[in-house]
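Hello! Here is the structure I promised to pass on to you. Please have a look at it first, and then read my notes below.

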Amino acid sequence: MHCSILRKLFFSGILLFILQTQTTVFAQTVDPNSISNEQAVEFYKKAKASGLSDMDIEQAALQKGYTLDQISAMRNRLQQAQTSAPTQTNRSATDESRRKIADSTLVKVKPISKLPKEDSIRQIFGASFFENSAMSFEPNLRIATPRNYILGPDDELVVDIYGNSVDNFRLKVSPEGTVKMLNLAPVQVSGLTIEQASERIINRLRTAYSTLNRPGGGTYSTITLGNVRSIQVMITGEVTRPGSYTLPSLATAFNALYQSGGPNSNGSYRNIEIIRNGKIIRTVDLYGFLVDANLKDNISMQDQDIILIRPYEKRVELSGEVKHPALFEVKQGETFKDVIRYAGGFTPNAYAASIQFRRNTGKELKVGSVQADEINTLIPENGDNYRVGRILNRIENRVVIDGGVYRDGEYPIDEQTNTVKKLIKKADGLREDVFLNRAIIERKNETLRPEIISFDLGKLMNGEIEDIALKREDHIFIKTIDELKEAYLITVAGAVINPGTIDYHDGITVADAVFKSGGYMEGGIPYRIEVSRRIKNDTASIPSSQNVRIFSLDVDENLKLNPEDEKFKLSPFDVVYVRKSPRYEQQKAVTIVGEIMYPGTYTILTNFERITDLIPKAGGMKAEAYIRGARFYRNRELVAVDLNAILEEPSLPSNLLLQNGDSLRIPTKSETVRILGGVQNPSVVNFDPAFSFKDYISQAGGFSENAWKSRVYVSYPNGRTFRSKKFLFFTSRPKVEPGSIVTVPIEEKKVNRQISPGERIAIISMITTVAISLFSILRN
């Protein structure tokens, strides 16, 4: 760091001369010895801010007359400054000056824009395997011991003895590579397989169990692997998370690679070396596993193994209509066919006849194409960008016939369908209801603009005109007679089961229309059926203001017509009206509940029944019925009706005609009165015939300060409401009855608004004007 700062000071001394000569402060060369370090730093910052590099400063100094001796003198001075280390007191100041120099350099230098990496364009094939957080790729420690597993320190062996003798040992391999059991001598097992170690251990156990694992001995032993040791594996090179990893001894190469995150953006997926004891024992090609699920390279790891991921040598991009677009690594000798196989092959819409690519020539890019017969032999080069296009959205040999033939649709254009007449024959001919006067062909001309060719279909089929040759993508439209006119419908309305529209048919009668509409509804009458018909051409004896004709017919309940009406046929767009019996209607009912002899629902017999007619039907009222509290509802809304009054005088307008769904509720007598609103204590009090209106207000604590006394009203149980009345100085209060609600409204106090000075002036001015006008009138 000191060398870097001193070097900058050296160039700053030269810069000082340049700046001074440019500003004409000095007319001759400045001695470097007269420049302080602080001045040099300051001028160096200004030079860098102006965009000069160190080389520019040195060249400018030579051009301005600085000699090599002077430059050498500055260099010697800087060397002397280098040998003198800064003291503790000025060290922080020196560090601060260094930081300022570095900061000023970084701020003033314009950064070079970075080009995007090729690898960032698309995902590298295989990278998602190591990025899947949901995947668990840990070694399985609950499997049978591999036959080739090599024992080492910290491994655990489980020895089970059974038969005539029973015993169990868990033997841990010592750092020296031995296991010890009972009082027997240690057995060396490190570096052996399970089978080899088992043989040694059993031979040693025969010292205590002489017949162990011998034919007919009766005592047997099995030796299995218990807990396994940990191993250290180093993963280095172009890896996402390089370092040393502690893994179970059963871990494989893929376990280790997954733990490290796999190759990074520059790492090779096909050249991963496993180094053991300084030798490469296996080169892993992950494509074998990713593409073919081949686990031959997934070898077991051993302690101190090294996994080295080399940088990729050749990588190409394949995009477009392939199943897995990505960046693919290519090994020496592989062809473009191998790349397509790694991508899963082409999609069904791929245009594989010619595949476009871009290639880096070292100077610039060039484009090229791979033909279908070159896929097996083309050797991709590093950086190639291949794109598989999509087939064109058109059909090369199609003609379409639509409409009045028996089998319309798409047909290939060939010798059997290359003319209109041949195509109609291929489509099983014309339908009987075809419209023969005209047909059209939609065609695209040489500039792909649409055009229409019309012809007389009947003449063409009879050979009166020449047959028309077809071209690719021609579309022939042949219409039927019904397609060229509005759909013929008949409307049936009124008292039929399924009112609506029905299709018109030649010869259809009114009885047929009623039949197709499901027949008469209950209450529908077969006579007085009206048919409304549009006026077309026959306008004789019809007033000019009339737009339709009306016909009346009779159709009995069995849908039979009299001979005269049988001759009447319906026309398209006729409207048939079926009437309903004038006295037919659904039953209407009302409900009466409460203190009545026979509460329930009763049918309205005539259209003139009133509320008072309902009481006798229900057997009269019970003795405890409170008539004044009766409540009458219509459409679930309370209608204020005084039942007591209309029972005494049924001719009152409040004795309403009954309607379907009405209900009458007759309660028992209530013994309370509710007081609400502007009183001191809103509450429910008992009814007392001796109480006056004031007594009830007193029961609630009297009026409050904001009570609107003149607007007090009483609501009665039957829904009626009466308010207080005032005449001169006398106030008449409504009578309080059992079950009443006394409501005292609250008066909102008006806020007196102060008159503004402007308003005062306007009022005074108006009064003055009026006074002057009156005075003038009086004088005259």
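**A sheet, a helix and some rings**

Y633 has L638 in β29 as its bridge partner. Before going on, a word on the source: this is a predicted model, in which local features need pLDDT of at least 70 and side-chain atom pairs count only at pLDDT 80 or more, while totals for chains, interfaces and linings use all residues. Residues are numbered from 1 along each chain as its sequence is written, and side-chain values use heavy atoms, with hydrogens and water left out.

Back to the sheet. Strand β28 (residues 631-634) pairs with β29 in the antiparallel sense, over three bridges. (Two strands pair if DSSP finds at least two bridges between them; strands are DSSP runs of E with at least two residues, helices are runs of H or I with at least four, and both are numbered from the N terminus.) In general, the strands of a sheet pair through backbone hydrogen bonds, either parallel or antiparallel. Here five strands form an open sheet with mixed pairing, in the order β27-β26-β30-β28-β29. At the edges are β27 (600-603) and β29 (637-639), each pairing on one side only.

Next, look at helix α7 (residues 194-205). Its 12 residues reach 16 Å from the first C-alpha to the last, close to the 16 Å expected at 1.5 Å a residue (the expected span is 1.5 Å times one less than the number of residues). Which residues of α7 are buried? They are I194, A197, S198, I201, I202 and L205, where buried means under 20% relative accessible area, exposed over 50% and partly exposed in between, with a 1.4 Å probe and protein chains only. These residues cover an arc of only 130° around the axis, which puts them on the same side of α7; the arc is that of the directions from the helix axis to the C-beta atoms. An α-helix has 3.6 residues a turn, so residues three or four places apart point the same way.

Finally, the rings. The structure holds 17 aromatic pairs. (Rings of Phe, Tyr and Trp, the last by its six-membered ring, pair if their centres lie within 6.5 Å; planes under 30 degrees apart count as stacked, over 60 as edge-to-face and the rest as tilted.) One of them is F129 with Y258, edge-to-face at 6.1 Å centre to centre and 75° between the planes. F129 lies in helix α6 (residues 127-131) and Y258 in helix α8 (residues 253-259), so the pair ties together parts that are 129 residues apart in sequence. Both F129 and Y258 are buried.

Enjoy exploring!
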